[in-house]
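Please read it alongside the sequence and the coordinates.

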Amino acid sequence: MVKFDTLSIVVPVYNEARTIHQILDLLRELQLLNGIGKEIILVDDCSTDDSAAAINAYAARYPGLGLRLLAHPVNQGKGAALRTGLRAATGDYVIVQDADLEYDPEEYNLLLKPILKGFADVVFGSRFLGGNPHRILFFWHSIGNYWLTVFSNMTTDLNLTDMETCYKLFRRDIIQGLDLKKNRFGFEPEVTAKVARVPGVRLYEVGISYYGRTYAEGKKIGWRDGFRAIYCILKYGLLKA
C-alpha cells in the first residue's frame, strides 16, 4: 500500500460566479480514502464576472478549508490557469477539477485506488468505461472525443478510452517535471503525450460519471478547440515537440 498525506486539487476558474460555491461545497464535504488531506488551489483566469469575489467570500466563510486563490491579470486560457495551479501545488499527488458541475469529486476515491494499491503513478478518469451515469447530450461531441482519443493513442501508443477527460491524477513530481506550454484546451493532448514519454510511468484509467452541461448552462469548449486538439496531437504526440 502507498501512503501519502495530501492531494492538491487544481481548479481553473473563468466566469463561474453563479455555481462556484456548489463545487466548493462538494470539495469541502469530500472525505478522501485513508484520511488524505486536501489542498484546494483555484486559479481565476481574469474572469469578467464576480468569480474572485465569490471565492473570497467562500474562503472567509470557511477559513479552516484553507482555499488558495491565484489570479491572472489577463485572460490566458484553461491550460495557462492549470500551469499556474500545478506549479503552486505542494501535495504528494495532484488532480485537475473543472469549476463546473460536470464531474463529481466523490469519485476522486476511484482514481486514488490504483495509486494507493501501488499500481499507478498517473490515473485518468474515463467517461466511457464502466456503468457510471453519463448525461446524454451532443452526438458530434462524443464522436469528436472518440476520434481525438484514437488519434492521440496512435501517436503515444497508449490505449486510452478518454484522452479529453478533465479528471487526471498525477504524482506531483511527474506533472511538475513536464514542460507544458498550451494555454487553452490543448492542455489535454499535450499533457497526455508528455506523460506517455516519462520513463517507466505507470498510467491507469478508471470509469467515472459525467454530468455534462449544455452551452446555455455554461459549456465553453467548441468545434474550434477540436481542431486545436488535432494540431496539439500532431505537435506533441507525433513530432514530440
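A residue is called buried under 20% relative accessible area, exposed over 50% and partly exposed in between, with a 1.4 Å probe and protein chains only. The model is a predicted one, in which local features need pLDDT of at least 70 and side-chain atom pairs count only at pLDDT 80 or more, whereas totals for chains, interfaces and linings use all residues. Residues are numbered from 1 along each chain as its sequence is written, and side-chain values rest on heavy atoms, with hydrogens and water left out. Helices (H or I, at least four residues) and strands (E, at least two) are DSSP runs numbered from the N terminus.

**Backbone at two loop residues**

At 72% relative accessibility Asp157 is exposed, and its place is in the loop between α5 (139-156) and β6 (168-171). Although Asp157 is not a glycine, it has a positive phi of about 60 degrees. Asn15, likewise not a glycine, has a positive phi of about 55 degrees; Asn15 sits in the loop between β1 (6-13) and α1 and is partly exposed, with a relative accessible area of 27%.

**The contact of α1 with α2**

Helix α1 (residues 20-29) packs with helix α2 (residues 51-61) at an angle of about 35 degrees, their axes being 10 Å apart. Here the axes are lines fitted to C-alpha atoms, for helices over the stretch in contact, and the angles run from 0 to 180 degrees between N-to-C directions. Contact, in this report, means heavy atoms within 4.5 Å. On the α1 side the contact is made by Ile20, His21, Leu24, Asp25 and Arg28, and on the α2 side by Ala54, Ile55 and Tyr58. These residues divide into five nonpolar, one polar and two charged, where Ala, Val, Leu, Ile, Met, Phe, Trp, Tyr, Cys and Pro count as nonpolar, Asp, Glu, Lys and Arg as charged, and the others, Gly among them, as polar.

**The nonpolar core**

In soluble globular proteins, nonpolar side chains tend to be buried together. A nonpolar core is taken here as a set of buried Ala, Val, Leu, Ile, Met, Phe, Trp, Tyr and Cys residues joined through side-chain atoms within 4.5 Å. The largest such core has 60 residues, and those with the most contacts inside it are Leu7, Leu42, Tyr108 and Leu169. When neighbours within four places in sequence are left aside, the contacts of Leu42 include Ile20, Leu24 and Ile55, and Ile20, Leu24 and Ile55 also take part in the contact between α1 and α2.

Helix α4 (residues 108-116) is largely enclosed by the rest of the structure, because seven of its nine residues are buried. These are Tyr108, Asn109, Leu111, Leu112, Pro114, Ile115 and Leu116, and what covers them includes β1, α1, β4 (93-96), β5, β6 and β7 (203-207). Just after α4, Gly118 takes a positive phi of about 85 degrees. Helix α7 (residues 187-196) is mostly covered as well, with nine of its 10 residues buried.

Gly125 belongs to strand β5 (residues 122-126) and is buried, with a relative accessible area of 0%. Not counting residues up to four places away in sequence, Gly125 touches Leu111, Asp162, Thr165, Tyr167, Val206 and Ile208.

| Pair | Separation along the chain | C-alpha distance |
|---|---|---|
| Gly125 and Val206 | 81 residues | 5.1 Å |
| Phe151 and Ile233 | 82 residues | 7.4 Å |

Phe151 lies in helix α5 and is partly exposed at 25% relative accessibility. Beyond four places in sequence, Phe151 touches Ile230, Ile233 and Leu234.

**Aromatic pairs**

Rings of Phe, Tyr and Trp (its six-membered ring) pair if their centres lie within 6.5 Å; planes under 30 degrees apart count as stacked, over 60 as edge-to-face and the rest as tilted. The structure holds seven aromatic pairs. One of them, Tyr108 with Tyr167, is edge-to-face, at 5.4 Å centre to centre and 70 degrees between the planes. Because Tyr108 lies in helix α4 and Tyr167 in the loop between α5 and β6, this pair ties together parts that are 59 residues apart in sequence. Tyr108 is buried at 0% relative accessibility, and Tyr167 is buried at 0% too. Ring pairs link Tyr103, Tyr108, Tyr167 and Tyr210 into a cluster.
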